Amino acid sequence: LFNRLCNMAVGKNKRLGKKGSKKKVVDPFTKKEWYDVKAPSMFANRQVGKTLVTKTQGTKIASEGLKHRVYEVSLADLQNDEVAFRKFRLVAEDVRGKDVLTNFHGMSLTRDKLCSMVKKWQTLIEANIDVKTTDGYLLRVFCIGFTNKRQNQVKKTSYAQHAQIKAIRKKMVEIMIREIQPCDIRESVNKLIPDSIGKDIEKACQSIYPLHDVNIRKVKVLKKPKIDLSKLMELHGETKKSAAVAAAASGAGATEETGKKLDRPDKYEPPIQSSV
């Protein structure tokens with residue numbers, strides 16, 4: 001009986017022969033390829049960096065894996081200047097060759113900058129508003145400001161009264177709507193880069209209570225229109241070039257397919273051929 005049980009056990013264990021054989025390790029980077037990330041033409045430095053994606057395999061297309069990726073870039077890298085505390089978010093909208101074309105997706109201040117502005121003995125005032133641009137982008141804009149000491153002030157604290165805070169917040173909202181609503185996304189971003197809106201708010205509120213460190217703290221894109229390739233190319237400053245290429249292509253097609261146009265007199269009849 002024991003021998004019979006032993007004979008039955010042999011061949012049942014499938015793993016006996018495969019002991020010690022390891023799976024071949026393949027470097028995952030051999031299946032990847034690099035793409036250049038391009039910022040819109042509003043920024044001085046268009047080359048944001050490089051991004052990695054798995055090569056096209058079967059139905060899984062590489063360009064589809066790149067779209068809708070969000071890149072967060074410091075303004076210092078985009079403008080080649082010293083303003084490193086402002087960050088812009090760029091979303092990948094389209095892929096052309098090895099270039100990933102991005103669009104504006106938001107803006108924020110770094111945490112260390114926000115923390116450095118918050119101090120004792122002053123009032124923090126915040127406001128936010130949803131504004132729609134002329135080209136259909138719905139932006140939520142957040143503003144932050146702090147009260148400042150008046151000229152020749154001896155008093156240690158500079159706290160604003162509740163009525164003054166309400167008046168300053170109202171003024172903030174008015175200026176944000178006035179500056180963004182009549183503009184498209186390109187003009188709005190051009191105002192956010194130097195933060196001209198914050199400077200306007202600071203100047204307008206001096207009569208209510210002196211302010212300092214007034215900044216557009218954050219911008220969120222709540223809604224955006226359906227992607228239009230012609231508008232995206234316009235944002236990247238490639239309209240003339242693409243139009244020229246399209247015109248050249250259409251011109252070549254006309255000469256090859258439709259042929260040359262001939263001038264013929266009225267009531268022209270083609271000659272009768274003797275044989276067909």
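Analyst: Gladly. Let us start with residue classes: Ala, Val, Leu, Ile, Met, Phe, Trp, Tyr, Cys and Pro count as nonpolar, Asp, Glu, Lys and Arg as charged, and the others as polar. By these classes, the second largest pocket is lined by six nonpolar, two polar and five charged residues. Please keep in mind that this is a predicted model.

User: What lies nearest the centre of the second largest pocket?

Analyst: Arg86, Pro194, Asp195, Lys199 and Asn215 do, out of 13 lining residues. The helix α7 (196-204) and the strand β8 (211-223) each give two or more residues to this lining, and α7 gives the most, with three. The space in this pocket is about 150 Å³.

User: Why is Ser74 called buried?

Analyst: Buried means under 20% relative accessible area. Ser74 has 18%, so it is buried. This residue belongs to strand β3 (residues 70-74).

User: What makes the pair of Ser74 and Ala84 a polar contact?

Analyst: The limit is an N or O pair within 3.5 Å. A polar atom of the Ser74 side chain lies 3.5 Å from the backbone oxygen of Ala84, so the pair meets that limit. Beyond its neighbours within four places in sequence, Ser74 also touches Val83, Arg86 and Lys87.

User: Which element gives the most to the lining of the largest pocket?

Analyst: That is α8, with four residues. The largest pocket has a volume of about 360 Å³, and Asp135, Tyr137, Lys231, Leu232 and Leu235 are the closest to its centre among 16 lining residues.

Key:
Residues numbered from 1 in each chain as written. Predicted model: local features only at pLDDT ≥ 70, side-chain atom pairs only at ≥ 80, totals over all residues. Heavy atoms only, no water. Buried < 20%, exposed > 50% of the residue type's maximum accessible area, 1.4 Å probe, protein only. Polar contact = N/O pair within 3.5 Å; in protein donor to acceptor, adjacent residues only side chain to side chain. Contact = heavy atoms within 4.5 Å. 1 Å grid on protein atoms, 1.4 Å probe; cavity = no way out; pocket = protein on both sides within 12 Å on 5 of 7 lines; lining within 4 Å. Points joined across faces, edges and corners; volume = space filled by probe spheres on them.
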